Amino acid sequence: MGSGIAQVSAAAGFKVVVREVNQGALDKGLGRIKKFLDDGVAKGKVTEEQRATTLGNLRGVTEFADMKDCDLIIEAIIENIDDKAAAYTALEKAVGAHCIFVSNTSSLCITELASKTQRPDKFGGLHFFNPVPLMKLVEVVRGLSTSQETYDALMEFSVKIGKEPITAPDKPGFIVNRLLIPYLLDAIRCYERGLGTKEDIDKAMKLGLGYPMGPLTLLDFVGLDTTYYIANIMFDEFKDPMFAAPTLLKRMVLAGKNGRKSGEGFYKYS
Ligand code: CAA
């Protein structure tokens, strides 16, 4: 997610500082951006000039101190409140008072994350979708303490990077995952109960409804561990059985079958 967000921001002309935990992670993320741009040039979707401008606007660092001149920080750390809070504390020592903090969380409470900073009014959510350079939507999330000025700035930024923003409430799942997660969990339940083969369930939704991916393919794409994590957060908050993780999902995650990233989920990936 982080590399995609950095890429679209750099492509829109912003000077982007990408901070990663170490040089290896930085090289991996920047490598992913280069590959996307190279593929884009090969497909005729990206010009050589756009490729050069985007790469020229990106600077990779490993220290929070190197982010001192940033006006907006988009955090895309794993969904762990303590890790995120530790980064905010380190960042607040480095950046100016005007700097807006944003989390790309898909499920954590923005008001709670804002409370971990000294600038809750300058804190909001920007929820992007994978693959970030291709998906047009961004959910702009207002916490209870997010100021009107911050919300306006996030809407404006989203438009400047070529996205279509919508306003989402600070409730688990926001708008997209509130609808997507029950659908994905139900697809697993249907598969578990023998409604059809995985290929037929996917084909049904792809060809019958024009979805770009069937639900089990999409689960592999999003990550089974990620889906399990989000479902648990939503179940904790709403106590509604539609967010309860099916037994098969839990077992696949326990077995490390997390989808594409692990080489196997509902399907195998070489
Ligand atoms: N540079 C520029 N453009 C590129 C490109 C590149 N490197 N690679 C692909 N494209 C363009 C293609 O040229 C094509 O453009 P046109 O439509 O104009 O022809 C378009 O992007 C689609 O690319 P492909 O044809 O290569 O790929 P595809 O048709 O198989 O689509 C996909 C791939 C966009 C991923 C599609 O399968 C899709 O939309 N899947 C669903 C993804 C989804 O639902 N994401 C959200 C997940 S939920 C989430 O992220 C949040 C959460 O909290 C869980």
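Me: How far does a polar side-chain atom of K45 lie from an oxygen atom of the ligand?

Reply: The model is a predicted one, and in it K45 is among the residues that come nearest to the ligand, together with F36, H127, N130 and N177. Between a polar side-chain atom of K45 and an oxygen atom of the ligand, the distance is 2.5 Å.

Me: Are helices α2 and α3 roughly parallel or roughly antiparallel?

Reply: Two packed helices are described by the angle between their axes and the distance between the axes. Here helix α2 (residues 23–43) packs with helix α3 (residues 48–56) with the axes 9 Å apart and at an angle of about 170 degrees. Because angles over 145 degrees count in this way, the relation of α2 to α3 is roughly antiparallel.

Me: How many nonpolar, polar and charged residues does the contact of α2 with α3 have?

Reply: On the side of α2 the contact is made by I33, K34, L37, D38 and V41, while α3 brings E48, R51, T54 and L55. Sorted by class, these residues are four nonpolar, one polar and four charged.

Me: How many of the ten residues of helix α1 are buried?

Reply: The buried residues of α1 are S3, G4, I5, A6, Q7, V8, S9 and A10. They pack against several elements, including β1 (16–19), α2, α3 and α6 (148–160). Helix α1 (residues 2–11) is therefore mostly covered, and since buried means under 20% relative accessible area, the number of its ten residues that count as buried is eight.

Me: Is T117 buried or exposed?

Reply: T117 is found in the loop between α5 (110–114) and β5 (123–127), and, apart from neighbours within four places in sequence, T117 is in contact with Y88, E92, F101 and F123. Its side chain also reaches the backbone nitrogen of R119 at 3.1 Å. Because its relative accessible area is 6%, T117 is buried.

Me: Does K239 count as buried or exposed?

Reply: K239 is not a glycine, yet its phi is positive, at about 55 degrees, and K239 sits in the loop between α10 (224–238) and α11. F174 also has a positive phi, near 50 degrees, but F174 is buried, with a relative accessible area of 4%. Because its relative accessibility is 58%, K239 counts as exposed.

Me: What is the relative accessibility of L249, which counts as buried?

Reply: L249 has its place in helix α11 (residues 247–254). Apart from neighbours within four places in sequence, L249 is in contact with L185, I188, L224 and Y228. L249 counts as buried because its relative accessibility is 0%.

How values were computed
Residues numbered from 1 in each chain as written. Predicted model: local features only at pLDDT ≥ 70, side-chain atom pairs only at ≥ 80, totals over all residues. Heavy atoms only, no water. Helix = DSSP H or I, 4+ residues; strand = E, 2+ residues; numbered from the N terminus. Buried < 20%, exposed > 50% of the residue type's maximum accessible area, 1.4 Å probe, protein only. Contact = heavy atoms within 4.5 Å. Axes fitted to C-alpha atoms, helices over the stretch in contact; angles between N-to-C directions. Parallel < 35°, antiparallel > 145°, perpendicular 65-115°, else oblique. Nonpolar A, V, L, I, M, F, W, Y, C, P; charged D, E, K, R; others polar. Near = heavy atom within 4 Å. Polar contact = N/O pair within 3.5 Å; in protein donor to acceptor, adjacent residues only side chain to side chain.
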